[in-house]
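Please read them with the coordinates open.

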Amino acid sequence: MSAFVEIDGVSLTYRGATGDVPALAGTTLSVARGEFAAVVGPSGCGKSTLMKLVTGLVPPTLGRVALAGQAVDGPVKLAGMAFQNPSLLPWRNVRDNVLLPLEVVEPHRHRFRAERRQYKAQADELLATVGLAGFAERFPWELSGGMQQRVSLCRALIHQPALLMLDEPFAALDAFTREELWCVLRDVWHKIGFTVILVTHDLREATFLSDTVHVMSARPGRIVTSRLVDLPRPRDLAICYEPDFTAIVHELRSRIAEVRQA
Amino acid sequence: MNKSADRSEMLERLSPLLFTAGMFLLWEAVCRLFKVDPFILPAPSEVFAAMVQYWRPVLRHSYVTLWTTMAGFAIAVAFGIVLGLIVGWSRVIYRGLYPVMVGFNSVPKVAVVPVLVIWFGIGEVPAILTAFLISFFPIVVNVATGLATMEPELEDVLRALGARKMDIMLKVGIPRTQPYLFASLKVAITLAFVGAVVSETIAANAGLGFLMTQAGSNFQMPLVFAGLMALAIEGIAMYALFALIEKRMTRWAFRSSMSAAG
């Protein structure tokens, strides 16, 4: 089976005022269609750069990035993204925030006016899936941080993207809300079945959610280990306290400790 | 408990009136106690008497000042928004124009009035142009700042959907400059007023500035002060109007964490 996301020997160097900063050096990574992949690593290892490469927001200095068999040479136009900061638009209510991508992305932007009612229903349904039924008319400032992050997730998914890129989306939340949102993400993924690349520094999060965990080295980053998470699905939060799960987390942790030493 | 809370709230509402009245009383008292010559500083009672006596010319000249200010301000708003959007759109234009604008803004506008008089003759046109020249700068800067402070992550989200720069401007950039724009209007209207009056003082045959110069050269000090009073009233009224419009138009900015002041 050919990979959906393919990063092949990619290096990226940022030109800075004080000299060139290598962010990635010879990174190779592939993610299958429908796979849930996580990328973990020490801070500043270029994880976020990886996101920008895959979505075509920055071109690689060396190497090749391909999405669904096509080389990426510009913004990819089909990825959903969510970040640590929900960055919702404060002048729009929750529903209109979720609908934003449909006003921009092809082919929806041309149908948007004509089929507004249908899109609205679609947004409300998606909001209900993440537990925000009845909040469509609220404004972002009326919601808690966890709820805002759910809205951000809906905004990333409304146009049914083939690829969802998540950059530490739950890092700013408290532990309980975070675990709640893990389950939300798990359920949406089971239901819709898109490809996910999740960048995180939370090893339990990575292990709980993903099929494969990729460990990156310190800057300049490259993938040093790809660990298959062969825990049975669907997974329940209780799995986090089972020996198999803990073993994987420990293994990843010691791998990262080695990488930081090096 | 409740009663005292009511009273303190009432006191807070009345305090602007109380302070204004107190200032006038103090002024009156000083004039009477020290027997200040009305030619140096007329007491408020004499000023108000002059306002009543000369209400016709004061009103007529106030009207002239009001419309020249508004005309100059209207041009400044239109020009300021367009230039602000252009400057905020492109870094190259921003870099190129900024020093020019700063230089332009630091020239005292009093010095420009004689030039305008040579070009357009004595009358309303130099007053309108001075009002425009003095007030467009804060509008440009605020609109450009509103665009420049857009969250880069939000831009990434939209670009990964294939959004063009124009989409990002229309959906995010322009709406988010609104609080910045309306905050600048409060400042700009006051400046436009100053510009109009300065120009009238130097070269005009109508307007409050002209009235006061005339009264001054006829040694009619109470009339000079009546003109000053009319200026203050007009200035407060215009500021209050735009503060109200600001609150009405950008309610979301006062509620959410993002605000033009911050």
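This is a predicted model: local features need pLDDT of at least 70, side-chain atom pairs count only at pLDDT 80 or more; totals for chains, interfaces and linings use all residues.

1. For chain B the mean pLDDT is 88, with 96% of the residues of that chain reaching 70 or more. Within chain B, helix 3 (residues 55–89) has the highest confidence, at 93, whereas helix 11 of chain B has the lowest, at a mean of 73. Residues 258–262 of chain B should be read with care: the pLDDT there is below 50, and the stretch has 10 contacts in the model beyond near neighbours in sequence.

2. Where the two chains meet, 20 residues of chain B are in contact with 22 residues of chain A. On the side of chain B that touches chain A, the elements giving two or more residues are helix 7 (152–159), helix 8 (165–202) and helix 11 (251–255) of chain B, and helix 7 of chain B supplies the largest share, six residues. By class, this side of chain B has 11 nonpolar, two polar and seven charged residues. Please keep in mind that helix 11 of chain B, one of these contributing elements, is also where confidence in chain B is lowest.

3. In chain A, the axes of helix 5 (residues 145–157) and helix 6 (residues 175–192) come within 11 Å and cross at roughly 20 degrees. An angle under 35 degrees counts as roughly parallel, and helix 5 and helix 6 of chain A are therefore roughly parallel to each other. Their crossing is right-handed. Helix 5 of chain A contributes A:Gly146, A:Gln149, A:Arg150, A:Leu153 and A:Leu157 to the contact, and helix 6 of chain A contributes A:Thr177, A:Glu180, A:Leu181, A:Val184, A:Leu185 and A:Val188. The residues of this contact divide into six nonpolar, three polar and two charged.

4. A cis peptide bond, with omega about -5 degrees, joins A:Arg233 and A:Pro234. A:Pro234 lies in the loop between strand 10 (223–228) and helix 8 (243–261) of chain A.

5. A:Glu168, with phi near 45 degrees, sits in the loop between strand 7 (163–167) and helix 6 of chain A, and counts as partly exposed because it has 18 C-beta neighbours inside 10 Å. B:Lys35, with phi of about 50 degrees, is in the loop between helix 1 (2–33) and helix 2 (44–53) of chain B; with 6 other C-beta atoms within 10 Å, B:Lys35 is exposed.

Technical notes. Residues are numbered from 1 along each chain as its sequence is written. Chains are lettered from A and ligands numbered from 1 in the order in which they are written. Axes are lines fitted to C-alpha atoms, for helices over the stretch in contact, and angles run from 0 to 180 degrees between N-to-C directions. Helices (H or I, at least four residues) and strands (E, at least two) are DSSP runs, numbered from the N terminus. Angles under 35 degrees count as roughly parallel, over 145 as roughly antiparallel, 65 to 115 as roughly perpendicular and the rest as oblique. A crossing is left-handed if the near helix is turned anticlockwise from the far one by less than a right angle, and right-handed if clockwise. Two residues are in contact if their C-beta atoms, placed from the backbone, lie within 7 Å. Ala, Val, Leu, Ile, Met, Phe, Trp, Tyr, Cys and Pro count as nonpolar, Asp, Glu, Lys and Arg as charged, and the others, Gly among them, as polar. pLDDT is the predictor's confidence in each residue, from 0 to 100. A residue is buried if 20 or more other C-beta atoms lie within 10 Å of its own, exposed if 12 or fewer, and partly exposed in between; C-beta atoms are placed from the backbone.
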